Amino acid sequence: MINLKPVTEENFSEVYKRLIDAFPYEERRDETDEEKCFLKSQFNFCEITDGGESVGLIVFWVFNKFLFVEHIAINKEIRSKGYGSKTFELLKSQYKLPIILEAEAPETEMQKKRIRFYENLGFKVNSYSYTQPSYHNGESVPLQILSFPELLSGSEFEEFFKTTREIVYGIEN
C-alpha cells in the first residue's frame, strides 16, 4: 500500500540525493535552500513508500485553494509499475483540492510520455505562457502548467502564479 512518509532530518540528505539524480540543476534547489523550505507550513517533502520500502519521493505544497506538486520521482529501477499513478490517487483522496504541476513541453519522446502519463491521470494541459523561476539566479525554465481536475481559469492561474512565486520560489510580487 502506498504511503507518504515525511522526510526527516535523519534521512533528508539520502532522499535529497535521489532528487538530484531525478532533476537537472536548473529545476531544483540546492540542498541548503531545500532544507529552509521546511520552515514553511505549506511545504511537504515525502518519501513514497510501499510496504515500508521507499519507491520514490514527492515535494508538494498545500495552499488554501490548490495543491502544487513541485517534484515527483519514482526510483529508476521500478518505474512503470503504477507507483506514480497510485501516488496521485492518494493525493487526490487525502487533500480534495485541485492539483497543479509544471512539466516540460513535449518535445522529446520522454517529455511526450510524461505529458501522456499526466493526461491519463486526468490532468489538463493549460495554454498559459509560463516559465519556472530560476532556483539559482540564472535563466528561468519554460514549462507547461497542468491541472487536475479542470483547466485553470484566468483568475486561478493568476492565484497560482502569485502564490508560487512568493512562497515556493521566494520572489516578491
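Me: Helices (at least four residues) and strands (at least two) are DSSP runs, numbered from the N terminus. How many helices and strands does the chain have?

Reply: This is a predicted model, and the secondary structure of its chain comes to 5 helices and 9 strands. If you read from the N terminus on, the elements follow the order β-α-α-β-β-β-α-β-α-β-β-β-β-α.

Me: Which elements each supply at least two residues of the lining of the largest pocket?

Reply: A residue counts as lining when it has an atom within 4 Å of a point of the pocket. In this structure β4 (67-74), α3 (83-95), β5 (99-103) and α4 (109-120) each give at least two residues to the lining of the largest pocket, and the largest share, 6 residues, belongs to β4.

Me: How much space lies in the largest pocket, and which residues are the closest to its centre?

Reply: The space in the largest pocket comes to about 830 Å³. It is lined by 29 residues, of which Ile72, Arg79, Arg114, Phe117 and Tyr118 are the closest to its centre. Sorted by kind, the lining holds 15 nonpolar, 6 polar and 8 charged residues.

Me: What should I read about the second largest pocket?

Reply: About 220 Å³ of space lies there, and the residues lining the second largest pocket include Arg29, Asp33, Ser134, His136 and Tyr169. Its lining divides into 4 nonpolar, 4 polar and 4 charged residues.

Me: What radius of gyration does the chain have, and what would a compact globule have?

Reply: A compact globule of 173 residues would have a radius of gyration near 16 Å, and the chain, with 15 Å, agrees with that. Along the principal axes, its C-alpha trace spans about 40 × 35 × 35 Å. Buried means under 20% relative accessible area, and buried residues make up 46% of the 173 residues in the chain.

Me: Where in the chain do Ser80 and Lys96 lie, and are they buried or exposed?

Reply: A residue is called exposed when its relative accessible area is over 50%. Ser80, in the loop between β4 and α3, has a relative accessible area of 71%, so it is exposed, and its phi is near 70°, a positive value in a residue other than glycine. Lys96, in the loop between α3 and β5, is exposed because its relative accessible area is 66%, and its phi, near 50°, is positive too.

Me: Which residues does a cis peptide bond join?

Reply: The cis peptide bond joins Phe148 and Pro149, with omega about 5°, and Pro149 is found in the loop between β9 (144-148) and α5 (154-168).

Technical notes: Residues are numbered from 1 along each chain as its sequence is written. This is a predicted model: local features need pLDDT of at least 70, side-chain atom pairs count only at pLDDT 80 or more; totals for chains, interfaces and linings use all residues. Side-chain values use heavy atoms; hydrogens and water are left out. On a 1 Å grid over the protein atoms alone, a cavity is a set of points where a 1.4 Å probe fits but cannot get out, and a pocket is an open set with protein on both sides within 12 Å along at least five of seven lines; lining residues have an atom within 4 Å of a point. Grid points are joined across faces, edges and corners, and a volume is the space filled by probe spheres set on the points. Ala, Val, Leu, Ile, Met, Phe, Trp, Tyr, Cys and Pro count as nonpolar, Asp, Glu, Lys and Arg as charged, and the others, Gly among them, as polar. The radius of gyration is taken over C-alpha atoms; the globule rule is 2.2 Å times the number of residues to the power 0.38. Buried means under 20% relative accessible area, exposed over 50%, partly exposed in between (1.4 Å probe, protein chains only).
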